[in-house]
Amino acid sequence: MKINKKQTLQVSVLIFAFLSVAVAGVLLAKSNATVVEYTNKGVRLESGVQVISIKAGLGYAPNRILAQANIPTRLDIETNNTYDCTAYLNIPKLNVKEFLPPTGVTQVQLESRASGEEIEGYCGSDTYKFIIKFS
Ligand SMILES: [Cu+2]
């Protein structure tokens, strides 16, 4: 079978289309993996105190939190059979460096924070991280 110019062009277009879809797919998968949504899930008001609940164990859930500024705030960090490095809590800004109980709720006073402030927490190996953004 002879391949003419038209067929070569058609094959080229097909290959190009296929590669475009493949590249788009890879990019999309990548962006989905890196996009982190901030949430106010787990943030509640308890008689005038803003309480933020985060579960620790193989990461933090949620790990990007939106909280209100200018209100007394407490962080409740929950462990439940947590034996990985998230059982060690490091909040550099607050000089918090402590072991959490394998199961339980540890309260950390965050005080009242200004709008635009962020508090970051890390596990014992700096692998996992959570950010609380105040606004
Ligand atoms: Cu870690």
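Leaving out neighbours within four places in sequence, Glu 78 is in contact with Ser 53, Ile 54, Lys 55, Ala 56 and Val 105. The structure is a predicted model. Its chain has 135 residues, of which 18% count as buried. The points below start with the whole chain and then return to single residues.

**Overall layout**
- Read from the N terminus, the order of elements is α-β-β-β-β-β-β-β-β-β-β.
- Among contacts in the chain with a separation of 6 or more, 53% involve residues 24 or more positions apart.

**Glu 78 and its surroundings**
- Glu 78 belongs to strand S5, which covers residues 73-79.
- Val 105, one of the contacts of Glu 78, is 27 residues away along the chain, yet the C-alpha atoms of the two residues are separated by 4.5 Å.
- Glu 78 has 17 other C-beta atoms within 10 Å, so this residue is partly exposed; a buried residue would need 20 or more.

**The largest nonpolar core**
- The largest nonpolar core has 14 residues, and Ile 52, Ile 54 and Ile 132 touch the most other members.
- Strand S2 (49-56), strand S4 (64-67), S5 and strand S10 (129-134) each contribute at least two residues to this core.
- In soluble globular proteins, nonpolar side chains tend to be buried together.
- Setting aside residues up to four places away in sequence, Ile 132 touches Ile 52, Ile 65, Ala 67, Glu 118 and Ile 119.
- Ile 54, listed with Ile 132 among the residues that touch the most other core members, is also one of the contacts of Glu 78.

**The hairpin of S6 and S7**
- Strand S6 (residues 88-91) and strand S7 (residues 96-99) run antiparallel and are joined by four bridges.
- Asn 90 has Lys 97 in S7 as its bridge partner.
- Four residues lie between the two strands of this hairpin, and Asn 95 takes a positive phi near 55°.

**Tyr 122 and its surroundings**
- Tyr 122 is located in strand S9, which covers residues 118-122.
- Not counting residues up to four places away in sequence, Tyr 122 touches Asn 90, Tyr 128 and Lys 129.
- Asn 90 therefore has a bridge partner in S7, Lys 97, as defined by the bridges DSSP finds between strands, and is also touched by Tyr 122.
- Thr 86 is 36 residues from Tyr 122 in sequence, and their C-alpha atoms are 7.6 Å apart in space.
- Tyr 122 is partly exposed because 19 other C-beta atoms lie within 10 Å, and the cut-off for a buried residue is 20 or more.

Technical notes. Residues are numbered from 1 along each chain as its sequence is written. This is a predicted model: local features need pLDDT of at least 70, side-chain atom pairs count only at pLDDT 80 or more; totals for chains, interfaces and linings use all residues. A residue is buried if 20 or more other C-beta atoms lie within 10 Å of its own, exposed if 12 or fewer, and partly exposed in between; C-beta atoms are placed from the backbone. Two residues are in contact if their C-beta atoms, placed from the backbone, lie within 7 Å. A nonpolar core is a set of buried Ala, Val, Leu, Ile, Met, Phe, Trp, Tyr and Cys residues joined through C-beta atoms within 7 Å.
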